[in-house]
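Please read the following note beside the sequence and the structure.

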Amino acid sequence: MRLLGRSVLLGQTMGADGPGPVQPGEVHPALLRAVASVLRPLIRVFIAKGMTFPAFMRLAKRIYVEVAESDFPAAGKAQTDSRLHLLTGVHRKDIRSLRALRRDPAAPPPVLSRNAHMIALWTGAPDYRDDKGNPAPLPRLRPKGEGASFEGLVESVSKDVRARAVLDEWLRLGLVRLDEEGFVHLAGSAFVPQEDFGELAYYFGRNLRDHISASGHNLLGETPSMLERAVYYEKLTAESAEELAALARTLGSEVLVRVNRKAYEMSQRDKGQADATQRMSFGVYFFAGADDGSDGGEGK
């Protein structure tokens, strides 16, 4: 839906509303343009981090075969190399080699880092929030009586690391600040991953995977549709873009804290239940860049 000429409010994308089917063996031009738009920023990261085209192709070939084998089973029949070849276009010899490789057992998904776990507790658990529901300033050491503390927060997640060491590192990273009375305050920068490249890459992959999964679910017309919303505006000055970025950061942090709080409550309620098998993710993003008049899907 287009609003105000130069702005667009994007809702769910429903496959049933899209153009009609193309000829067998062809890929719809709209899908090609969309994939090109997605690949451009990805390939920029690949090149910057040394992933060459042959390395990407090897990875893509393996994942093509894995997805076809797991997500597109033949009803009542064994999944054959020939069928996988028809689904993916990957040569049968390569399919045989890939399927013959002994796969490692499915590794559990990477757990949130210790820092992320502690921040989630600080923003979600009632004991660590103030009367307004915000992360409360915490005394550095555990009080003699009852009460929350930064020391207790650290020990509730891991007893293998000293609270003082965590505090020093968080102060260095700008995740917290100390006031004159020795209380520890959670900083807004705590909601942005500050770890090494491995953790940044993990969140990069996880967040993009889930965003694309939600968008792909809607594009394929699967029901019920999933939440996917974005607001676009063009022809803005750099000052306007920065003002909008500041607004988005403020509102985004507020909504993330609220959803995290509710998710924490529900996770405590659902703990130990046999049907507690679902996961969720909810995120926000803001991007501002040069207005070149294209969506990134076509070459200049």
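1. Strands S4 and S5 run antiparallel and are joined by three bridges. Within this pair, Arg177 stands opposite His185 in S5. Strands here are DSSP runs (E) of at least two residues and helices are runs (H or I) of at least four, numbered from the N terminus; two strands pair if DSSP finds at least two bridges between them.

2. This is a predicted model, in which local features need pLDDT of at least 70 and side-chain atom pairs count only at pLDDT 80 or more, while totals for chains, interfaces and linings use all residues. Residues are numbered from 1 along each chain as its sequence is written, and side-chain values use heavy atoms, without hydrogens and water.

3. The order S3-S5-S4 describes an open sheet of three strands with antiparallel pairing. Strand S3 (138–139) and S4 are at the edges with a single partner strand each, so one side of each has no neighbour in the sheet.

4. Helix H7 (residues 163–173) has Ala163, Val166, Leu167, Trp170 and Leu173 buried, that is, under 20% relative accessible area with a 1.4 Å probe, counting protein chains only (exposed is over 50%, partly exposed in between). Because they cover an arc of only 130° around the axis, they lie on the same side of H7; the arc is that of the directions from the helix axis to the C-beta atoms.

5. After H7 comes Gly174, whose phi is positive, near 80°.

6. Leu244 is found in helix H9. Leu244 counts as partly exposed because its relative accessibility is 37%.
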